[in-house]
Amino acid sequence: MSLGSFIRKQFIDILQWNEDRDGVLAWRHPMQDFEIQYGASLTVRESQMAVFVNEGKVADVFGPGMYKLTTQTLPILTYLKNWDKLFESPFKSDVIFFSTRLQLGRRWGTAQPVTLRDSEFGMVRLRAFGVYSYQISDPGKFYREISGTRDVYTVDDLEAQLRNMVVAAMTTALGSSKVPFLDIAGNQGLMSQSIAEQLAPVFDRYGVKLDNFTVENVSLPEELQKALDTRISMGMAGDLGKFTQYQTATSIPLAAQNEGGIAGIGAGLAAGAALGQTMAQGLGAAQGQPQQPPQQPATQQAQQPAQPAQADPVQRLQQLKDLLDKGLITAADYDSAKAEVLKKLTS
C-alpha cells in the first residue's frame, strides 16, 4: 500500500446515533470503505439498540450504554472473524442502530367495508377504525425479517405491512364474534383485547412488540345507517295510538304561541275551539279518561240529537294542571285557560 493510500485510509473511532429525524426505526452507520478502530467507542442511548452485522449475519447486539469495542465486548464477531487473542487491528462490520421508542397513536382502519352475517340484520357491511402503538423489541429479528440492508427504515415503511395484519385480524374477530352489530359498541373493549391477543404473536415474529390496540369505532356505511335510523325511529314510536296522543300533547305549547293562545292558532274562534277539543280528547285518552265526541258545527247540531255535555270543569282544570307540571304549557297559558274555565262555570 502506497503512503498516499495509507494516509487516505480512515478509521471510525466513535459510533453513535443522534436520531435527528423523526419516524426512523433503523439507521445504518455510514461505513463505505471505513474501518472501525479497535478499541473504538460505541454509544447506545436510552431507547436505542445497536447491532453488528458481519457478512450479512447478525453478530453482536448492544443495549443502552457506552462500550469500548474489543475482542471482549465483541465475542460473537470475534468468533466469526477467528481473531487471535492478540489481534488488535481495525475491522469492518455493518453497525445498525434501532429505535426502541414507543410509536404512539398509529392509526388503522378498514379501507373497504367488511361484509359479515349479523343475527338481526342479516348481511351487513361494517367499517372499523382505531389506534395502536408498538416498539421494536428484538432488533435481530427486525433486521432479518423487515429492515434488511437499507440505510434507513422508517415508520411509514413498516406500517403499510402492519396495517394489513391489523385489518386481517379485525376481519377475523368480527366474523367469529357472532355479536350483533347493535351490541358491538358495548363490547369494543373486549374486542380490542381479543384482537390484541391475536396480533401479539404476529408482531413478535418480526421483532415488534404490540403495546396497545384500541377499537375506536365500528360503523355501517351511510345507506345502511339511514335504514337503521328509520328502524330505531319506528321502535321509539311504539304504540302508534299513544304516539299520536303524545304528539297532540306536545303541540299545545306551539299552538299557545299563536294568536288566540290555546283557543286557536289564528284560524278563527271556531277552528280554535275544535282544535282545543281534539287536544282535550287526546289528553283524556292518555290519562285513561273517556273521550268526548267531537263537537259538530252549528248547522249539523240543529239536525242531530243533543250531544253529552263537555268534560267536567274539575277534570278540565286537573288536565291543565298536569300540562303545567309537565312543562307543556306556560304559567300564563295555565292562568288564562283556568280563568276561562272558571268564567264558564260561574256564568
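Colleague: Which side chain meets R163 in a salt bridge?

Modeller: The side chain of E159 does, at 3.6 Å from N to O. A salt bridge here is a side-chain nitrogen of Lys or Arg within 4 Å of a carboxyl oxygen of Asp or Glu. Before we go on, this is a predicted model, where local features need pLDDT of at least 70, side-chain atom pairs count only at pLDDT 80 or more, and totals for chains, interfaces and linings use all residues. Residues are numbered from 1 along each chain as its sequence is written, and side-chain values use heavy atoms, with hydrogens and water left out.

Colleague: Where do R163 and E159 lie?

Modeller: Both are in helix α4, residues 155-177, and they sit 4 residues apart, about one turn of the helix. Helices are DSSP runs of H or I with at least four residues, strands are runs of E with at least two, and both are numbered from the N terminus. An α-helix has 3.6 residues a turn, so residues three or four places apart point the same way.

Colleague: Is E159 buried or exposed?

Modeller: E159 is buried, with a relative accessible area of 3%, while R163 is partly exposed at 33%. Buried means under 20% relative accessible area, exposed over 50%, and partly exposed in between, using a 1.4 Å probe and protein chains only.

Colleague: How many salt bridges does the structure hold?

Modeller: It holds 9. One of them pairs E19 with R101, at 3.6 Å from N to O. E19 is in the loop between β1 (11-15) and β2 (24-28), and R101 in the loop between β7 (94-99) and β8 (103-109), so this pair ties together parts 82 residues apart in sequence.

Colleague: And what does D204 pair with?

Modeller: D204 meets K141 in a salt bridge, at 3.5 Å from N to O. D204 lies in helix α6 and K141 in helix α3 (residues 139-147), so parts 63 residues apart in sequence are tied together.

Colleague: Let's switch to α6, then. Where does α6 bend?

Modeller: The bend is at L199, by about 30°, and a proline, P201, follows within four residues. The bend at a residue is the angle between axes fitted to the seven residues ending there and the seven starting there.

Colleague: Which residues of α6 are buried?

Modeller: They are Q188, M191, S192, I195, L199 and F203.

Colleague: Last one: what follows α6?

Modeller: G207 does, and its phi is positive, near 80°.
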